[in-house]
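Thanks for coming. I will take a few minutes on one structure, so please look at it with me.

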Amino acid sequence: MVPLLLVLLLALILFGAGFALKVLWWVAIVVFVIWLLGFLVRPHSGTGSRGRWYRW
């Protein structure tokens with residue numbers, strides 16, 4: 001009974017980790033796309049040069 005519970009617990013942990021990593025990959029891709037769009041859609045400053053799209 002104990003080995004069966006250990007195998008089920010291991011499968012649950014591995015499935016949970018795989019799902020979490022897949023979600024983190026999607027989050028990383030979305031952040032990367034937003035970061036790239038920030039460079040492409042930068043507003044022009046008053047002097048004609050490209051301004052910063054972030055405030056810091």
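A patch here is made of residues with over 30% relative accessible area and no salt bridge, where like charges are joined within 9 Å and nonpolar side chains (Val, Leu, Ile, Met, Phe, Trp, Tyr) within 5 Å. A salt bridge is a side-chain nitrogen of Lys or Arg within 4 Å of a carboxyl oxygen of Asp or Glu. Accessible areas come from the Shrake-Rupley method with a 1.4 Å probe, and for residues only the protein chains shown count as cover.

This is a predicted model, in which local features need pLDDT of at least 70 and side-chain atom pairs count only at pLDDT 80 or more, while totals for chains, interfaces and linings use all residues. Residues are numbered from 1 along each chain as its sequence is written, and side-chain values use heavy atoms, leaving out hydrogens and water.

The surface has a nonpolar patch formed by Trp 26, Ile 29, Val 33, Leu 37, Leu 40 and Val 41, together about 630 Å² of accessible area. Leu 40 belongs to helix α1, residues 2-40; helices are DSSP runs of H or I, at least four residues, and strands are runs of E, at least two, numbered from the N terminus. The chain has one helix and zero strands.

Is Leu 40 buried or exposed? Leu 40 is exposed, because its relative accessible area is 62%; exposed means over 50%, buried under 20%, and partly exposed in between. Of the 56 residues in the chain, 4% are buried.

Phe 32 is partly exposed at 46%, and Trp 35 is partly exposed at 42%.

Methods
Buried < 20%, exposed > 50% of the residue type's maximum accessible area, 1.4 Å probe, protein only.
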